[in-house]
Amino acid sequence: MRKLLLLLFMASPFMVSAQGFQVNLAGQKQIGMGHTGTGLVQDGAAVFFNPGAVAMLPQNYVQAGTSPLLFKSVFNGTGTTNEYRTANKIATPFEGYAVYGPKSAPWKVGLGVYTPFGGLTDWGSNWQGKYVLESLNLKSIYFQPTLSYKITNYLSIGAGFVYDRGIVDLKRAIPLADANGQDGQAKLSGSGHGYGWNAGIFLKPLEKLSIGVSYRSKVTTTISKGDAIFTIPSSLQAMFPQPNTFYASIPLPATTSVGLGYYPNKQWTIAADASFVNWSVYKSLDFDYANNTSVLADTHSPRDYKNAVSLRGGAEYKGINNLSKWAIRAGGGYTSAAAQAGYVTPEVPDAKRYYLTAGLGYKAASHLDIDFSFEYEHLFSRTQTNMESNLSGTFKSNVYIPGISLAYHW
Amino acid sequence: MNKLKHILILTAGIAGLAACKPEIKTPAVSRGSADFTRYIAVGNSLTSGYADGGLYLEGQLNSFPSIIAQQMQQVGGGAFVQPLFTEGQSNGSGYLKLTGFNSSGLPILDTVKDKLAIRGIVSVPTNATTAIKVTTYTKYTGDINNYGVPGIKLTTAFLAGYGNLNGYYERMLPGEAPSASNSTAYIDFVTAKPFTFFSNFLGNNDALSYATNGGVGDVLTDKNTFATLYNQAIAKLTATGAKGVVATIPDVTAIPYFNAVTPAALLAGVQKSAPTVTSLFVNAKSSADATSTTYAVRELTNSDYMVLTFPTAKLGTLVSTPYGNLPYGLTKYTPIDNQYVLDQNEVAMTQDYVNAYNTTIKTVAASKSLAVCDIYSFFNSIKKNGLTEDGIFLNAGYITGGLFSLDGVHLTPRGYAVVANEFIKAINTQYGSTIPKVSVSQYRAVKFP
């Protein structure tokens, strides 16, 4: 019990991370430890956390996991007593990794499939900000083939190529009522792709210390022919030509991370990560329609995100009651907000946030690990008037993320 | 067993966290120094919820006093009863409905004729030789908080027997017009029962009725008469210590009724078939002096305001004159009738009167420490800059603007919600109350087929 308290105590000064629509859920062991992993060699998730560390893995890995995510947000319009809440919808970020290399070889190849950006927000069609947003379902799935090479026993490097599949589904009400007083609606949905790369260096200068640096590049995801479907009163149909398509391009920002691992003894792993996310690339959200009319113009919504940082820490303890099949983990972190004052939108009611995580690892068989994680993320309440929509009010959000993964290693 | 215990603890922790949702502390609300126990709304069509050229149930339900009263209920306000039409007669007086657009993109309007609450049309003598036709409506009996009467002026609010001249007022009274029992002046009728708070939006029609008829058929209420009666009205409303809010009168040129049809657009329309035409003609007032009655034919300019109801098809149709058959509006012998144009001098005159009325309203309100909702400034600002709320851009445009209904004068439910928020703001400022606003996006604008 004393050790457990110690663990929680140690985790608290570090604080954490995910901002904007970045989703830091790439490995269950790592989530348990507060999303640390850049400076560690835990499992196949190193493909994401630090391609440079992959060659240091003592085994080959095939693993997959998911972190069903419940984003709960509430909005109170300025000067009103109305409260609107997002629907209970569960987003499903997932991760899958395969790492292979002959035991004797200094190299390993890997493949990662994971979801580093996304969002699932559903405010419904009757809330105050319906003309700004009804719902957004944004997913990006990265496919990352990776090559890692161990130069010496204390230094390895690696790099990967990233192909991103982006999927967006956005709905908003249009203030044109039909004969029954029902709003019109715009539904924009489509998919596209983008390219990028990852690279990392892993260093183990001392028996008790490891250091990692990784870089994940910007990936501009372009949807060139999304479907733009407008439901509007029939007398105005000509103003909203159907069928219609849209072009949109969303830059998913580069992330630079530095991580440390410290191993005071065989039971403990203590880790810390710091990330810098180059959110300033997200200047605006634009939709360019193939068919414009006097009423249907292309849209340009400024976002002007600013760069953000996140600081995270966590620890793992193996061997409770001498049952070495178990590992317990805890961590937490703090992240600055990417959306600046005046630019907060209901798609991403972004705010400074902290998070706390816990994890449990179980060695089900000599080659099989089952890992559980749980994360609670609290976004600080933010009272804002959006400069574009004049939607004014206070957003407050909590995020709950349980997770599970299976890892087979040999 | 220990394993199990750890799993259970973890599971319980997870379940506990997931159950909690983010909570927001909405600001505490208070009535401040005002008492909203019985709020009454005094005024004309805008107060009654009139829209789309008629008074009907949906409009009544979305009247700005009704919206304000609902919000007042959150700070201790009492019940607010309106003289609603029944479901079976929900279309009330009938109203305009948009049925589509013609090939030039102009709106096609139709009048709703079913489910009306019209009782009949009676002839009411105004003196020994003349009489007017008054449409009467199904009587309303019961409590009233919203006393809005379409068409009423500040002057007629003091007129004994006005109940025989206005069907909307008549329906609130016990007797059938024409009848001596309908002699109660409006101002006495509304103040008969005790009340703690009032809104007063009388005065619009003292200028508007003159303007909407292009300066024909009605006159602007004399400035001094307006001041005297406004003082009397407020004295009466505050006599028992009630607090209240008064509204200023909008500039007539801030409403789509005078901006939807422009002289330039008319000329351009004529030139499509008759390219040689360079001017339209109007029979216009010769000076901005209210006492002058001289009218003369001149060219129509962009400083003249066409009324929304101008029948554009009439332009160019042949009119018989001493000089032969000539096209209507296109020659100085066949000018556009005065009733269709609020000409430059009439505009200047109306604006001068409205300014004087508003000075009176603000002065009287200040002397009684009443809240002032400055609709005049608010509408002028919307005309100039528009207004963005909850992601909707609203402006003074006809049909497209979102605020004004199909008659170009009265508001849509969304427009009334915007106005209700302005009233709430004024009340909160004056009385230190925190009546919550409404979300404008929860109210509809013009309905399209």
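Trainee: With which residue does Glu58(B) form a salt bridge?

Mentor: This is a predicted model, and the answer refers to its computed coordinates. In chain B, the closest N and O atoms of the pair are 3.4 Å apart. The pair links distant parts of the chain, since Glu58(B) lies in helix H3 (residues 57-61) and its partner in the segment after helix H12 (413-431), 389 residues apart. The partner of Glu58(B) is Lys447(B).

Trainee: How many residues apart are Glu422(B) and Lys425(B)?

Mentor: These two side chains form a salt bridge, with closest N and O atoms 2.8 Å apart. Both residues belong to helix H12 of chain B, and their spacing is about one turn of the helix. The separation is 3 residues.

Trainee: Is Glu422(B) buried or exposed?

Mentor: A residue is buried when its relative accessible area is under 20%. Glu422(B) stands at 17%, whereas its salt-bridge partner Lys425(B) is partly exposed at 45%. Because 17% is under that limit, Glu422(B) counts as buried.

Trainee: What share of the residues of chain B counts as buried?

Mentor: Chain B contains 12 helices and 16 strands, and its C-alpha trace spans about 110 × 55 × 45 Å along the principal axes. Among its contacts with a separation of 6 or more, 69% are between residues 24 or more positions apart. Of the 449 residues in chain B, the buried share is 53%.

Trainee: Which residue does the side chain of His409(A) join in a polar contact of 2.7 Å?

Mentor: His409(A) is part of strand S21 (residues 392-409) of chain A and is buried, with a relative accessible area of 3%. Beyond four places in sequence, His409(A) touches residues including Asn60(A), Tyr61(A), Lys363(A) and Asp369(A). The side chain that meets His409(A) in the polar contact belongs to Gln59(A).

Trainee: How far apart in space are Val399(A) and Gln42(A), C-alpha to C-alpha?

Mentor: Val399(A) also lies in strand S21 of chain A, and is buried at 3% relative accessible area. The residues Val399(A) touches, not counting those up to four places away, are Leu69(A), Leu70(A), Phe71(A), Glu375(A), Tyr376(A), Glu377(A) and Leu379(A). Gln42(A) is 357 residues from Val399(A) in sequence, and the spatial distance is 25 Å.

Trainee: In which strand is Gly112(A) found?

Mentor: Gly112(A) is buried, with 0% relative accessibility. Apart from residues up to four places away, Gly112(A) touches Val47(A), Gly96(A), Tyr97(A), Tyr142(A), Phe143(A) and Gln144(A). Its C-alpha atom is separated by 45 Å from that of Gln182(A), 70 residues apart along the chain. Gly112(A) is found in residues 107-122 of chain A, which form strand S6.

Trainee: How many charged residues are in the lining of the largest cavity?

Mentor: The structure holds 9 cavities of 30 Å³ or more, and about 100 Å³ of space lies in the largest. Strands S7 (135-152), S8 (155-174) and S15 (284-289) of chain A each give two or more residues to its lining. Among the lining residues are Phe21(A), Leu136(A), Val168(A), Tyr282(A) and Glu347(A). By class, the lining has 10 nonpolar residues and no polar ones, and the number of charged residues is 1.

Trainee: How many salt bridges are there over all chains?

Mentor: One of them joins the side chains of Glu83(A) and Arg85(A) at 3.4 Å, N to O; Glu83(A) is partly exposed at 34%, and Arg85(A) is partly exposed at 27%. Elsewhere in chain A, a network of salt bridges links Lys29(A), Asp43(A), Glu316(A), Lys318(A), Arg329(A), Lys363(A), Asp369(A) and Asp371(A). Over all chains, the count of salt bridges is 31.

How values were computed
Residues numbered from 1 in each chain as written. Chains lettered and ligands numbered in written order. Predicted model: local features only at pLDDT ≥ 70, side-chain atom pairs only at ≥ 80, totals over all residues. Heavy atoms only, no water. 1 Å grid on protein atoms, 1.4 Å probe; cavity = no way out; pocket = protein on both sides within 12 Å on 5 of 7 lines; lining within 4 Å. Points joined across faces, edges and corners; volume = space filled by probe spheres on them. Helix = DSSP H or I, 4+ residues; strand = E, 2+ residues; numbered from the N terminus. Nonpolar A, V, L, I, M, F, W, Y, C, P; charged D, E, K, R; others polar. Buried < 20%, exposed > 50% of the residue type's maximum accessible area, 1.4 Å probe, protein only. Polar contact = N/O pair within 3.5 Å; in protein donor to acceptor, adjacent residues only side chain to side chain. Contact = heavy atoms within 4.5 Å. Salt bridge = Lys/Arg side-chain N within 4 Å of Asp/Glu carboxyl O.
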